[in-house]
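Hi everyone, thanks for coming along. I'd like to walk you through one structure today, starting with a term we'll need and then working from the overall fold down to a few residues.

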Amino acid sequence: MEEVLTWVKEKFPNLESRIAWNQPMFTDHGTYIIGFSISKKHLAVAPEAVGINHFSDDIVQAGYDYTKQLVRIPWEKPIDFSLLEKIIKFNIADKLDCTTFWRK
């Protein structure tokens, strides 16, 4: 988790990091971009359903499974940072004119 959070902060220094709902997340101009949580078996990445749907083929190709709201990265698999970067860049661009925390 620390490695991923540090990577996001370094790669996207313009994003604001915060803790909400007991989870680390990143926002841009007050709108949600991506969040993370941990479980015993995986790191959960939550880019909202639109981001998951947009990258579903890439997520499967990386060897991860997903639900409507999150991507599960098993602890024994490497983190595909290029996929995370694409998801974050997509959300930043897609939510550029968004004025709410979550997509409507």
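Let me begin with a cut-off: a residue is called exposed when its relative accessible area is over 50%, buried when that area is under 20%, and partly exposed in between. Please also keep in mind that what you see is a predicted model.

Is Trp-21 buried or exposed? Its relative accessibility is 58%, so Trp-21 counts as exposed. We'll come back to that tryptophan in a minute.

First, the overall picture. The chain has 4 helices and 6 strands, and if you read along the sequence they come in the order α-β-β-β-β-α-α-β-β-α. The radius of gyration is 13 Å, close to the 13 Å that the globule rule gives for 104 residues, so the chain is as compact as a globular protein of that length. The C-alpha trace spans about 35 × 25 × 25 Å along its principal axes.

A few more numbers for the whole chain. Of its 104 residues, 44% count as buried. If you take contacts between residues at least 6 apart in sequence, 51% of them join residues at least 24 apart. The accessible surface comes to about 6,200 Å², and carbon and sulfur atoms account for 52% of that. As for charge, there are 13 positive and 14 negative ones, and their mean positions are 6 Å apart.

Now let's zoom in on strand β2, residues 23-28. This strand is mostly covered, with 5 of its 6 residues buried. On one side of the story is its pairing with β1, residues 16-20, which is antiparallel and runs over 5 bridges. Within that pairing, Arg-18 stands opposite Met-25, and Glu-16 has Thr-27 as its bridge partner. β2 also pairs with β3, residues 31-38, again in the antiparallel sense, over 4 bridges. The hairpin of β1 and β2 has 2 residues between the strands. Here is Trp-21 again, in the loop between β1 and β2, with a positive phi near 55 degrees. Asn-22 is found in that loop too, and its phi is near 60 degrees, also a positive value in a residue other than glycine. Asn-22 has a relative accessibility of 78%, and since the cut-off for exposed is over 50%, Asn-22 counts as exposed.

The hairpin of β2 and β3 has 2 residues between its strands as well. In that hairpin, His-29 takes a positive phi near 45 degrees.

Finally, let's stop at Phe-26, which sits in β2. Why does Phe-26 count as buried? Its relative accessible area is 2%, and the cut-off for buried is under 20%. Which residues does Phe-26 contact, leaving aside its neighbours within four places in sequence? The list includes Leu-5, Val-8, Leu-15, Tyr-32, Ile-34 and Phe-36. Lys-9 and Glu-16 are among the contacts too.

Notes
Residues are numbered from 1 along each chain as its sequence is written. This is a predicted model: local features need pLDDT of at least 70, side-chain atom pairs count only at pLDDT 80 or more; totals for chains, interfaces and linings use all residues. Side-chain values use heavy atoms; hydrogens and water are left out. The radius of gyration is taken over C-alpha atoms; the globule rule is 2.2 Å times the number of residues to the power 0.38. Buried means under 20% relative accessible area, exposed over 50%, partly exposed in between (1.4 Å probe, protein chains only). Contact means heavy atoms within 4.5 Å. Accessible areas come from the Shrake-Rupley method with a 1.4 Å probe; for residues, only the protein chains shown count as cover. Lys and Arg count as positive and Asp and Glu as negative; His and the chain ends are not counted. The place of a charge is taken as NZ of Lys, CZ of Arg, CG of Asp or CD of Glu. Two strands pair if DSSP finds at least two bridges between them.
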